[in-house]
Amino acid sequence: IDWGTLQAVLGGVNKHSTSIGKIWLTVLFIFRIMILVVAAERVWGDEQDDFICNTLQPGCRNVCYDHFFPISHIRLWALQLIFVSTPALLVAMHVAYRRHEKKRQFRNGEKINIEELKNVKFHIRGPLWWTYTSSIFFRIVFEAVFMYVFYYMYDGYQMPRLVKCNAWPCPNIVDCFVSRPTEKTTFTIFMLAVSGICMMLNLAELCYLVIKICMKEPKRTT
Amino acid sequence: MSWGFLRDLLSGVNKYSTAIGRIWVAVVFIFRLLVYIVAAENIWKYEHDEFECSIRQPGCENVCFDHFFPVSHISLWALQLIMVSTPSLLVVFHVAYRENREKHHNQKLYKSPRHIDGGLLCTYLISLILKIGFEIGFLALFYKLYNGFKVPRLVKCDITPCPNTVDCYISKPTEKMIFLYFLGATSCLCIVLNLSELSYLIFKYSIKRYLKRYTKKHQ
């Protein structure tokens, strides 16, 4: 699994984030991406092979598995991580655009220190503030949407041990057993908790940015 | 599978693109390549093993699988990604050729080797047209081979050595369908981005030429 490039892009964004943003990035990498890669793959790896139904009827197992797991948990988490990381790209693009503008100014002859240009840190003001705030807003929306999709698709966050399946070609109601339900429930709750923490960090960052801008406004008008 | 080379290619292309081109690179990279590597590859990993027919006749499952999936969805997806990213190489090569020429003649021949004008503009437009062509070609191929992005739960097969019409069950059809729709949507998005980049470039350079001719006339 190649998360390395996403890591490289997000690492670039790290320079221009607030402190809460940096904490969010760390939580994202260590508690979500790493856990997904290291643990979840192992736990969900044999999910269809070890999904056993109490019938010899060929095809019944396939159909029941597809009915109860339209999208596997790990795929949903992978999609969630991709969508949640993408708004940070907006910020990266805006910063790259600003840097490009500065380079153009330098080329047009204005005096700018080259060293300063390389390590310039753009403060979150003006249009960048709007880009940054909308990226945090979208992150919150995506997190919430995915948490809801999870809840809706799997009727809660617990993995049942046994599901009763009646889809054709199963001859009648058949018992099907899910592999490693407790371990899967544990990981699901863990990922849910970390999603919640990330969402709270994003909300805190949003409030902080809004308050900061509101505090600056009265100072400017007086 | 090592997609590192495609990643390097795309980040190299990023330098010579317009703004819309950079958005295209980001979309291809994150919503297509990354989703493919991280999610899609695993769904189709054991598709042959998990393809089950309601019969014990040896060879029947193999023959039916081969009949219904001549080229696997995932192979088509991978081919599409590679073919769609490759026309950008034309631009990279042309810029390298320009830089080489400047070095060889030891003088400034172009405004900037990377500036999109003249020959480089033609190359860039050709690469865009090729990209659009490949995208549409692959979408058409998907439609022709699999009748769209639908994946049925059950297919009926009666090719020898299957003794009569046999029910065969495909594994994870819903998950496959969802990811195929995702692939279709991102392909369409990329086609739209390429078309807008094409029109933007043509429009910008026609205006430039018109203005140049207008000012020349008046001098």
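Predicted model: local features only at pLDDT ≥ 70, side-chain atom pairs only at ≥ 80, totals over all residues.
Visitor: In what order do the strands of the open sheet in chain A stand?
Guide: Strands (E, at least two residues) and helices (H or I, at least four) are DSSP runs, numbered from the N terminus. Two strands pair if DSSP finds at least two bridges between them. The chain A sheet is open, has 3 strands and pairs in the antiparallel sense, in the order E1-E3-E2.

Visitor: Which strands of chain A stand at the edges of that sheet?
Guide: Each edge strand has a single partner strand, so one side of each is left without a neighbour in the sheet. The edge strands of chain A are strand E1 (52-53) and strand E2 (162-165).

Visitor: At about what angle to E2(A) does helix H3 of chain A run?
Guide: Axes are lines fitted to C-alpha atoms, for helices over the stretch in contact, and angles run from 0 to 180 degrees between N-to-C directions. Contact means heavy atoms within 4.5 Å. Helix H3 (residues 60-68) of chain A lies across E1, E2 and E3 of chain A, and its angle to E2(A) is about 110 degrees.

Visitor: Which residue in E3(B) is the bridge partner of Glu52(B)?
Guide: In chain B, 3 strands form an open antiparallel sheet in the order E1-E3-E2. Its edge strands, E1 (52-53) and E2 (154-157) of chain B, each pair on one side only. E1(B) is joined to strand E3 (residues 166-169) of chain B by 2 bridges, and the partner of Glu52(B) is Tyr169(B).

Visitor: What is the relative direction of H5(A) and H7(A)?
Guide: Helix H5 (residues 87-107) and helix H7 (residues 127-154) of chain A pack with their axes 8 Å apart, at an angle of about 165 degrees. Angles under 35 degrees count as roughly parallel, over 145 as roughly antiparallel, 65 to 115 as roughly perpendicular and the rest as oblique. The angle therefore makes H5(A) and H7(A) roughly antiparallel.

Visitor: How many nonpolar residues does the contact of H5(A) with H7(A) have?
Guide: Residues of H5(A) in this contact include Leu90(A) and Val95(A), and those of H7(A) include Phe138(A) and Phe142(A). Ala, Val, Leu, Ile, Met, Phe, Trp, Tyr, Cys and Pro count as nonpolar, Asp, Glu, Lys and Arg as charged, and the others, Gly among them, as polar. By class there are 3 polar and 2 charged residues, and the nonpolar count is 10.

Visitor: Is the crossing of H4(A) and H7(A) left-handed or right-handed?
Guide: Helix H4 (residues 73-85) of chain A packs on H7(A) at about 165 degrees, with axes 9 Å apart. The two are therefore roughly antiparallel. A crossing is left-handed if the near helix is turned anticlockwise from the far one by less than a right angle, and right-handed if clockwise. The crossing of H4(A) and H7(A) is right-handed.

Visitor: What is the handedness of the crossing of H6(B) and H7(B)?
Guide: The axes of helix H6 (residues 119-146) and helix H7 (residues 173-217) of chain B come within 10 Å and cross at roughly 155 degrees. That angle makes H6(B) roughly antiparallel to H7(B). The crossing is left-handed.

Visitor: How far apart are the end C-alpha atoms of residues 142-209 of chain A?
Guide: UniProt, in an unreviewed entry, places the feature "domain: Connexin cysteine-rich" at these residues of chain A. UniProt positions are given in the numbering used here, feature names are shortened, and annotations may be inferred rather than shown by experiment. The span is 62% helix and 12% strand, with its end C-alpha atoms apart by 20 Å.

Terms used
Residues numbered from 1 in each chain as written. Chains lettered and ligands numbered in written order. Heavy atoms only, no water.
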